[in-house]
Each structure stands twice: as C-alpha cells, then as structure tokens.
Amino acid sequence: MNPDDHPSGKRVEKHLEFGAFVAYLQAIMIDIKDLRENPDKYRTACEQKGYDLSVDRLLELDARARRLKTEQQEIATEKNQAGKAIAKIKEPDQRQQAIERMGELKAREKQLAAEQEEIEPALRQMLLNMPQPAHPEAPVGPDESGNVEVRRWGEVRAFDFEPKDHIELGMELGIIDIERGVKLSGSRNYILRGAGALLHQAVLKLAHDTMVAKGFEPLTVPVLTREETFVGTGWFPEGKSQVYQVPEDELFLVGTAEVPATSLYMDEILEEDRLPIRLVAQSLCFRREAGAAGKDTYGLYRIHQFEKVEQVIICRADLEEVERWHQQIVANAEEVLQALALPYRVIEICTGDMGMGKYRMYDIETFMPSRGGYCETHSASNLLDFQARRLNLRYRDAHRKVRFCYTMNNTVIASPRVLIAILELNQNADGSITIPKALRPYIPGRERITKSEG
C-alpha cells in the first residue's frame, strides 16, 4: 500500500508523519480505545461473527505503532534542537559530535520508515476487517440457522386452483420477457413490459410517497460512486466481489442507495440540532450475485439489476435513540407491505449471519408461493458508529464535543423481487392478476392485469 493512501481510497497529505497517519487510520476504523480497554468484547465478536482475526495481534501492532509514534516525535524534537545548536557551536570537536548525532537520528528515522512499511499493511487490513461487537440481545448463532422469528403478519392464501409461478404468469400475460432480457444482457436479466412495468413503478412510487409523507428527505443519488464510499459504508473489502467496477474511471456501481446516501456527509461535522437526518433514496441497483445457485437463479429473485427505495437515518450517538429509530425503520417497511396486503414475517438476524459492521439486524421475509415460504425482501441494519468512523462522519454535541454519528438503514421496497409475491398471491384462476388496492391510484382505471391488456 502506498503510504500516501487513505484506507478508504482518499489521499493523505504527503507531510503527514507516520504516527499521525496511524492515529488517523485508527480513528476512522473502530474505536481502538474501546478495543484496548475491552479486548474480550472484540474476541467474542470475532468468534460470534465467524472472523478469523487475532485481537492480540492487532493490539500488538497497535502498541508498536504507538511506540513508533512516540519515538518519531522524540527524534523530531531532538533534531530540531540539534539543528539550532549546530549553528551556534564554535568548538570543532563538539560541532562534529553534534553533526554525528544528527546523522544517527536520521538513520533511526530510516529504520522507523522500514518498520512503518512492515506494520502499515497488516494494521490497515486488520482494522478494516475487525467486526463490530453485536447487540447484547442479538441471537448468537453460526449462520442463518440461528436467526429468530420475531413476529408474523397476514394470512397466507390457500388456493382453490393450481397456482402458477410469477414467470409463468408474467410470460402468459406478456408483462415479463426473460428471453429478450437474456438476449440483451445475459443470464439473470429481464424486461418488464406494459402492465408489468407500470406495476413495478407503482410499487416504488407507493414506497417513496409513504416515506416522504413521514418527513424523510427524498434524494436522487449517483449510482456510480468512488471506492471510499464503499469502504466507508462497510461494503468493501468484504463484499467487493459482488460489485460491478468501471476501472477506467475508478468508480463502482452501487448495489443499494445506502452507499451514496450514508456517505452524503462524509468528512463533515454536523451540528447536533440537524440530527436526526432522515433520508429516502430511490435508485437503480446492480449486483453481480456471484455464487448464487439453485432456485435463487430462477425468475426475478436474484437478478443483476433492480430498483430499490432505501431509508437511511443519521442520528446522535445515543443507544436508546438509535434503537428507537431502528425499530421505526422496520415498522416503516412493514407499513408498506401491509398496504400491499402481503403476508410477511420479521426475523432477527443472529451474530454469524449479520456481517462485520452490524450491531443489530432484522430481515423482513415476504411469502412467495413458488418458493415455498417466506423469502427475504428487506434488511434493516443498525451499525452504531461503524460506518461513521470509516466515513469520518461526525457531529458537535451540546457540549461542543465532536463525536461520531450513528447510522442505520433499511429497504422500504425492492422491485422486481417484491413482484414475485404480488403476482403470485394476487393471481386468479383465469390467469389474470388483481392489482392490489394500494397500487390502483398509480395505475388509473385498472383493477386487473389480463392477457389482452397486459
């Protein structure tokens, strides 16, 4: 790694001394002071989240970095004093001794630089990959088998005829065109046509209007953003394989509007009275879905391009406040699903399934007949200051102390994945689709999608 490079992709001024660089590096990754004081908490986090990282090794590197910083400062002070003294020394032997001492200090500086080159990459990598400890009430488990159902809403429809899946319905009605989508862009691509496109836009508009009515500020965000936004929000380095790159411009296609929306105020200090900041952003999203297989590759469930309405909240560093907002953003998504009359369940995600940066996490799973059960449609994450540290996103509290913000996010709706449930649960025996009442204002004059009108 080039020592002038910031871990998030930003440039660090060339005159920044190594000690200052290390302090800067540590400040934006995790709370290194908390790790020093409570190493067992981070050992537990690594164990519970399945990360093979040595907290002892990180602390060792941190201690070496601090020793280097202290010695570098001492050398800088002595060099400054020696430089001034040499000019005043008249006696040749003393002057020679002072010059030799200056040479020793410069040699030691070179040794420190060599140690820097040894320490810096390892320290950076460990700090980037150190998981945040989970909420004490989060379920502990190795993978999705440890997730816990919190509640369910709605009745799963019992069909009195043989139901079709969304692709059968969509192709017969002429509203989903997989063949031409693949012809244009390869596997896991699609085209929504006619009423299918109208239904897609209606779902997004319903979700967006719901959030704006709640006081969330609407955003139109770039879907091509810099690497620092992905590192800052915790998507890199872990999830880099799932992201499309544009190497010529050093940009990446976002998989969620969370990335640009959360990064909006990076490197800024906000005033406390501006918080909480509530944002809703609708955007195209792109994911490579590398490794997806089996039933996930069928239909509209795991696709390369989709649209999503995302809610993001930036608030004060207060555990009670962030918990209230986290529950609220889950409730916001539930409200939209209830308006669509889609049965769903809320799942609390266990430590081994939540990922590196999450403090607490819920998924909402919506029932999809063709997939035989409830399937993920929303993810609500509370990240405390994990993202804010990496983004250098801060606020000045009532006592004028500068602190890192807390951030959280959740899907409001993602389409066309949610269309799987809408189409399959609202199908009729004649192959038509009844449009949910909440969407009819966005598709005026239509209550059904039929083959002749598709």
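A crossing of two helices is called left-handed if the near helix is turned anticlockwise from the far one by less than a right angle, and right-handed if it is turned clockwise. In the predicted model described here, local features need pLDDT of at least 70 and side-chain atom pairs count only at pLDDT 80 or more, whereas totals for chains, interfaces and linings use all residues. Residues are numbered from 1 along each chain as its sequence is written, and side-chain values use heavy atoms, with hydrogens and water left out. Helices (H or I, at least four residues) and strands (E, at least two) are DSSP runs, numbered from the N terminus.

Helix 8 takes part in two helix contacts, one with helix 13 and one with helix 11. Axes are lines fitted to C-alpha atoms, for helices over the stretch in contact, and angles run from 0 to 180 degrees between N-to-C directions. The axes of helix 8 (residues 195-213) and helix 13 (residues 417-425) cross at roughly 115° and come within 11 Å. Helix 8 and helix 13 are therefore roughly perpendicular to each other, given that angles under 35 degrees count as roughly parallel, over 145 as roughly antiparallel, 65 to 115 as roughly perpendicular and the rest as oblique. The crossing in which helix 8 passes helix 13 is right-handed. Gly-196, Leu-199, His-200 and Val-203 of helix 8 make this contact (heavy atoms within 4.5 Å) with Val-418, Leu-419, Ile-422 and Leu-423 of helix 13. By class, the contact of helix 8 with helix 13 comprises 6 nonpolar, 2 polar and no charged residues, where Ala, Val, Leu, Ile, Met, Phe, Trp, Tyr, Cys and Pro count as nonpolar, Asp, Glu, Lys and Arg as charged, and the others, Gly among them, as polar.

Helix 8 also packs with helix 11 (residues 319-339), at an angle of about 135° and with the axes 10 Å apart. Helix 8 and helix 11 are therefore oblique to each other, and their crossing is right-handed. In this contact, Leu-206, Ala-207, Thr-210 and Met-211 in helix 8 meet Asn-332, Glu-335 and Val-336 in helix 11. The residues of the contact of helix 8 with helix 11 divide into 4 nonpolar, 2 polar and 1 charged.

Among the strands, strand 13 (residues 373-382) has 9 of its 10 residues buried, so it is largely enclosed by the rest of the structure; buried means under 20% relative accessible area, exposed over 50%, and partly exposed in between (1.4 Å probe, protein chains only). Two strands are taken to pair if DSSP finds at least two bridges between them. Strand 13 pairs with strand 12 (residues 360-368) in the antiparallel sense over 9 bridges, and Tyr-374 in strand 13 is the bridge partner of Phe-367. The hairpin of strand 12 and strand 13 has 4 residues between the strands, and in this hairpin Gly-372 takes a positive phi near 75°. Strand 13 also pairs with strand 16 (residues 406-415), in the antiparallel sense over 3 bridges, with Asn-410 in strand 16 as the bridge partner of Ala-380.

An open sheet of 3 strands has the order 8-14-15 and mixed pairing. Its edge strands, each pairing on one side only, are strand 8 (269-271) and strand 15 (402-404). Neighbouring strands of this sheet are turned by 40° against each other on average, direction ignored. Strand 14 (residues 394-396) and strand 15 run antiparallel and are joined by 3 bridges; in strand 15, Arg-403 is the bridge partner of Tyr-395. Another open sheet of 3 strands, with antiparallel pairing, has the order 5-7-6.

Several backbone features lie in loops. Most residues other than glycine have a negative phi, and most peptide bonds are trans. Asp-267, in the loop between helix 10 (258-262) and strand 8, has a positive phi near 65° and is partly exposed, with a relative accessible area of 36%. Arg-400, in the loop between strand 14 and strand 15, has a positive phi near 70° and is exposed, with a relative accessible area of 51%. A cis peptide bond with omega of about 0° joins Leu-275 and Pro-276, and Pro-276 is found in the loop between strand 8 and strand 9 (277-286). The peptide bond from Ser-415 to Pro-416 is also cis, with omega near 20°, and Pro-416 is placed in the loop between strand 16 and helix 13.
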